[in-house]
Amino acid sequence: MSSSRPGPVILIVATAVALFLLMPLIAVIPVSFTPARFLSMPSGNLSLRHYQALIDNPAWGQSILLSLRIGILSSAIATALATMFGLGIWMFQPRFSALLIGFVLLPLVVPPVVSAMTLYFLMTTLSSFNSWIGYDTWLGVALAHAVMITPFAVVLILVALYQVDRRIDLAARGLGANLATRAFRIIIPNIKFGIATAALLSFVLSWEEIGVTLFITSVNAITLPRLMWMGLRDNIDPAIAAISVLLIVITAIILAFRIFVDRRRTTDPQ
């Protein structure tokens, strides 16, 4: 019986490719410990001054909290819209469903600069009606991010829905279940992992969004990516390397925890 495990050559090649891809991230780590005031490799002595700067400068903490708030709200909006749209397409199967899906996925093919300019004019128009949502407000940024990330959530929701056996919905309808019961008690529980994945991806995309954010913010809504961009553009602050290392560590911990949970789930007896 042949083993499904890869051979040593495959493991060596895969390890080499992984190291090559991770090399830019690995190079950030020593840069974050440089004692200099500019981005450079440490020549001998190591310093934690740039990590201390993240604590001493309140702008970093404020930008992180703002990015979290925007990411949570925009991902919630995008996931809710994607779920409702996907349920409508899957349950009703309209004649022009392909056209509707193509229209929703349009932001994926439009150049980001065009989307950013369009959202800029939209936000400035909204600012004339309400100062709480519009240009350079966190609610306006969350709304703009939701517009950009909803197509990604739609793709994941549709993929999850098309893996559901349609006979389940037909059986529930035959037993007299109304539309709300079928949607919330039959279909959504079967795609809960797809919804969770869509929400997570939407949050990550909102967290790292910079192109649209540069167009619709000025001095009030400074997200973490915008603050990092300002540091690179103005004075090349090495604190950017320090915050990058912290984000890498957090991401690695989350991935390791996910792998641990998956292995526990597969090894535990049913």
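**View 1. The structure holds 2 salt bridges.** A salt bridge is a side-chain nitrogen of Lys or Arg within 4 Å of a carboxyl oxygen of Asp or Glu. This is a predicted model, in which local features need pLDDT of at least 70, side-chain atom pairs count only at pLDDT 80 or more, and totals for chains, interfaces and linings use all residues. Residues are numbered from 1 along each chain as its sequence is written, and side-chain values use heavy atoms, with hydrogens and water left out.

**View 2. Asp165 and Arg167 form a salt bridge.** Their side chains meet at 2.8 Å, N to O. Asp165 counts as partly exposed because its relative accessibility is 32%, and Arg167 is exposed, with a relative accessible area of 60%. Buried means under 20% relative accessible area, exposed over 50%, and partly exposed in between (1.4 Å probe, protein chains only).

**View 3. Arg182 and Asp169 form a salt bridge.** The distance is 2.8 Å, N to O. Arg182 lies in helix H9 (residues 179-190) and Asp169 in helix H8 (residues 166-174), so the pair ties together parts that are 13 residues apart in sequence. Helices (H or I, at least four residues) are DSSP runs, numbered from the N terminus. Both Arg182 and Asp169 are buried.

**View 4. A nonpolar surface patch covers about 700 Å².** Phe103, Leu106, Leu108, Val109, Phe152, Val155, Val159 and Leu201 make the patch. Helix H5 (106-109) and helix H7 (138-161) are the elements that give two or more residues to the nonpolar patch. Leu201 lies in helix H10 (residues 192-208) and counts as partly exposed because its relative accessibility is 31%. Patches are made of residues with over 30% relative accessible area and no salt bridge, with nonpolar side chains (Val, Leu, Ile, Met, Phe, Trp, Tyr) joined within 5 Å. Accessible areas come from the Shrake-Rupley method with a 1.4 Å probe.

**View 5. The largest cavity has a volume of about 40 Å³.** The count comes to 1 cavity of 30 Å³ or more. A cavity is a set of points, on a 1 Å grid over the protein atoms alone, where a 1.4 Å probe fits but cannot get out; lining residues have an atom within 4 Å of a point. The volume is the space filled by probe spheres set on the points. The lining consists of Ser67, Ile70, Gly71, His145, Ser206, Trp207, Glu209, Thr223 and Pro225. Helix H3 (58-92) and H10 each supply at least two residues of this lining, and H3 gives the most, with 3 residues. The lining residues divide into 3 nonpolar, 5 polar and 1 charged. Here Ala, Val, Leu, Ile, Met, Phe, Trp, Tyr, Cys and Pro count as nonpolar, Asp, Glu, Lys and Arg as charged, and the others, Gly among them, as polar.

Methods. Patches are made of residues with over 30% relative accessible area and no salt bridge: like charges are joined within 9 Å, nonpolar side chains (Val, Leu, Ile, Met, Phe, Trp, Tyr) within 5 Å. On a 1 Å grid over the protein atoms alone, a cavity is a set of points where a 1.4 Å probe fits but cannot get out, and a pocket is an open set with protein on both sides within 12 Å along at least five of seven lines; lining residues have an atom within 4 Å of a point.
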